[in-house]
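Student: I would like to learn how to read the features of a protein model, one at a time. Could you walk me through them?

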Amino acid sequence: MTDSLAQRVSDELLPFVRHPAQYIGGEVNQLVRPGDWRAADVRVVIGFPDTYAIGMSHLGCQILYWLCNHTPGVCAERTYAPWIDAERVMREKGIPLFTWDTRQPVAEADIFAISLQYELCFTTLLNMLDLAGIPLRSADRTDAHPLVIVGGPQADNPEPVADFVDLVVIGDGEHSMREILAAYREYKAAGVGRREMIERMARRFPWIYAPNLYDARFHDDGTLAGYKPRGAGLPERIERCKTPDFDAVPFPTRPLVPWVEVVHDRISIEIMRGCPQVCRFCHAGFTKRPLNLRSVDRILEIAEQAYAATGQQEIGLLSLSTADYPHLRELADRLNERFAPRRVNLSFPSLRVDKMLQNIPQMANAVRKGGITMAVEAARDDMRRAIRKKVTDGNLLDGVREVYKAGWQRIKLYFMCGFPGEREEDIRGIVDIAEAISLERAKLGLPPGNVTASIGWLVPKPFTPFQWMAQPRVAYFRRVRDMLRDIARNRGRGFRVHVSGHAGYGAAAEMASENPWKAASQI
Ligand code: SF4
C-alpha cells in the first residue's frame, strides 16, 4: 500500500499540479529515513491545517517533529493541507492524504496531532480528515484509526471542533507531547483499545480534554453554562500544561530547510514564551503565563548549530513581544558580533512600538532594511488606553522618525476594528495616522514613507476580558471597510489601506460552541 502510494503520488499527482516541489518532502535536515515508519512502535503524523508554505514556517511544528523523532521508538512524519489543484486531483484519483517525509497514508498513523493556530483552519482540519479517509466524527472511529489530537491557541476554545477530535491538549506542546507518547506506547503494548485509551489519557493528564466524555449544560436562556464530566476521575476543570524548564527543553538545532519559498525562510529561535503586557484583546498575553525566558547562552548555542546545519542568512528572534526580552541588547550585540561578519541578518518580528525607539541601535546594524511592522491596533490614544495598548501617537511618531533616519522607508501598520465603544473617528483616524506616519519621512527632507495600514477585525478571544463580548455584525464591518476604502482612495499618496475580509468567519467559528456541525457548514 505504502510503496504504491509513494509511486502514485509521483505518477498521478505531482505531474498534474502547479507547484509540485511543495509536496516532495525530503528537505535538508529531514529526520525520517526510509524504513523508520515501519520500525517504529509509535507512528505520529504532525499535521498543519494550512499550506506547506505556511506550515513550514511554523516553529511549533518543527519543535514537535524534532521532539518526537528524538524519542526512542517513535517516528513522526509531517503533512499539510494540499492546495486546491492538488486536492482536486487527489479526490478524482482516490489518493489519500499522505505524509511528506516518506509518503505514508496519514490514516495509518497511531496519532494524528494537529496544531490549530487560527479559527479559519477549523474547516481545513475537517477537509484533511476527510482526505485522509478518517471518519470526521470521533464517535465513528474505530481501533483502525489514529487518535486525533489537537493543540495550539485555538485548542483553548475547542467546542467548535469537539465532535471531530478525540483529545484536546491545553497549553505547551513539548511537555504534553512527551507524556502522551510515553502513555500511548505503554497502552499500545498492553493492547488497550482507542476508547479506553482516550479515557485513560483524560484521567491521567490534567491538561487533556476529551470532549466526548463531557456533557454540555445550558442556562434557561439557552446559553452555555459549562461542561460536566460523564464519569468519575475526569477533571472538572482542565489545567494548562506548562513546560517545566523552558531553557532546557529540546529545540530543533537542525531545522528543516525547504526546497521552495515559504513564508518565513530563516532560522527561528523562540527567545521568550509569554508577554508581560496584557492588552485586553490578546489571547496570548492572558494565557501564556508566567513568562519564560531562554538564556542568551542557549540562544547563541542554538543559533550556531542551526546556522551550521542550514546556512540560512537570517535569524529570527521570536516571541510575542521581543522588545520585552530583558537581555535583548546583550543578545543582539553578541549575535551581531558572531554573525554580522558572515552576513547573517537578525530579525525582530514583534517589537512593541513604544520600545521601538530604544531598540533602533541594535536593529540598525543587524536587520535587513526591507520593511518594518508595527502593531498599532487602534488609531487614537484614548482607544489604545481602553484596550490597554501602551502606545501613544507621540511615541509612535518618535519611533517612526528614528526608523526612517536609520534607513527604512517601508512601514506596515496593523490595526483592528470592532472594539467596544468604537466611534467613527476611530475608523477615520486609521487613515489619518497612516498618512501622518508617511509624511514624517518628508519632514526629514526625504520622499514620504511607503506605509501600508492593514486592518483586521476583532475576534473576541477566550480567557480575555472581551471573551463574552458580542462581535459587531458583518454589516458593520462591511460599512467600515467601505468607509476606509473611500477615505484612502481620496487621500492616499504614500500609504495604502488593506482591509481583511474574514472577520465573520473567525467569530462564527470562535463562538459556535453549541453546534459545531452547524458552525462548520456556515464557514
Ligand atoms: S504586546 Fe502583543 S503579545 Fe503582548 S499582550 Fe499586547 S498584543 Fe499581546
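Tutor: Gladly. Let us begin with a term for strands: two strands pair if DSSP finds at least two bridges between them. Keep in mind that this is a predicted model.

Student: Which residue stands opposite Val-169?

Tutor: Val-169 faces Ile-208, a residue of β6. Strand β5, residues 167-169, is joined to β6 by 2 bridges, and these two strands run antiparallel.

Student: In what order do the 6 strands of the open sheet come?

Tutor: Reading across, the order is β2-β1-β3-β4-β5-β6, and the pairing is mixed. The edges are held by β2 (74-80) and β6 (208-209), each of which has a single partner strand, so one side of each lacks a neighbour in the sheet.

Student: Which strands does helix α6 lie across?

Tutor: Helix α6, residues 122-132, lies across β1 (42-48), β2, β3 (111-115) and β4 (147-151), and runs at about 155 degrees to β3. Helix α8, residues 194-204, also packs on the sheet, where α8 touches β4, β5 and β6. The direction of α8 makes about 30 degrees with that of β4.

Student: Let us turn to burial. Which residues of helix α5 are buried?

Tutor: A residue counts as buried under 20% relative accessible area. In α5, residues 84-93, the buried ones are Asp-85, Ala-86, Glu-87, Val-89 and Met-90. Just after this helix, Gly-94 takes a positive phi of about 70 degrees.

Student: Why does Glu-87 count as buried?

Tutor: Glu-87 counts as buried because its relative accessible area is 18%, and the cut-off is 20%. Leaving aside residues up to four places away in sequence, Glu-87 touches Pro-82, Asn-127 and Leu-131. The C-alpha atoms of Glu-87 and Met-128 are 9.7 Å apart, while 41 residues separate the two along the chain.

Student: How many disulfides are there?

Tutor: The general idea is that a disulfide is a covalent bond between the sulfur atoms of two cysteines. Here the count is 0 disulfides, with a cut-off of 2.5 Å between the sulfur atoms. Cys-61 has its closest cysteine sulfur in Cys-68, and the 10 Å between them is too far for a bond. Cys-241 is in no disulfide either, as its nearest cysteine sulfur, that of Cys-68, is 14 Å away.

Student: Are Cys-61 and Cys-241 buried or exposed?

Tutor: Cys-61 is buried at 9% relative accessibility, and Cys-241 is buried with a relative accessible area of 2%.

Student: What about the backbone? Where does Arg-103 lie?

Tutor: Arg-103 lies in the loop between α5 and β3. Its phi is near 55 degrees, a positive value in a residue other than glycine. Arg-343 also has a positive phi, of about 60 degrees, without being a glycine, and is placed in the loop between α11 (328-339) and β13 (345-347). Arg-103 is buried at 12% relative accessibility, whereas Arg-343 is exposed at 69%.

Student: Which peptide bond is cis, with omega near -5 degrees?

Tutor: That is the bond from Arg-289 to Pro-290. Pro-290 sits in the loop between α9 (283-287) and β11 (292-293).

Note on methods:
Residues numbered from 1 in each chain as written. Predicted model: local features only at pLDDT ≥ 70, side-chain atom pairs only at ≥ 80, totals over all residues. Heavy atoms only, no water. Buried < 20%, exposed > 50% of the residue type's maximum accessible area, 1.4 Å probe, protein only. Helix = DSSP H or I, 4+ residues; strand = E, 2+ residues; numbered from the N terminus. Contact = heavy atoms within 4.5 Å. Axes fitted to C-alpha atoms, helices over the stretch in contact; angles between N-to-C directions.
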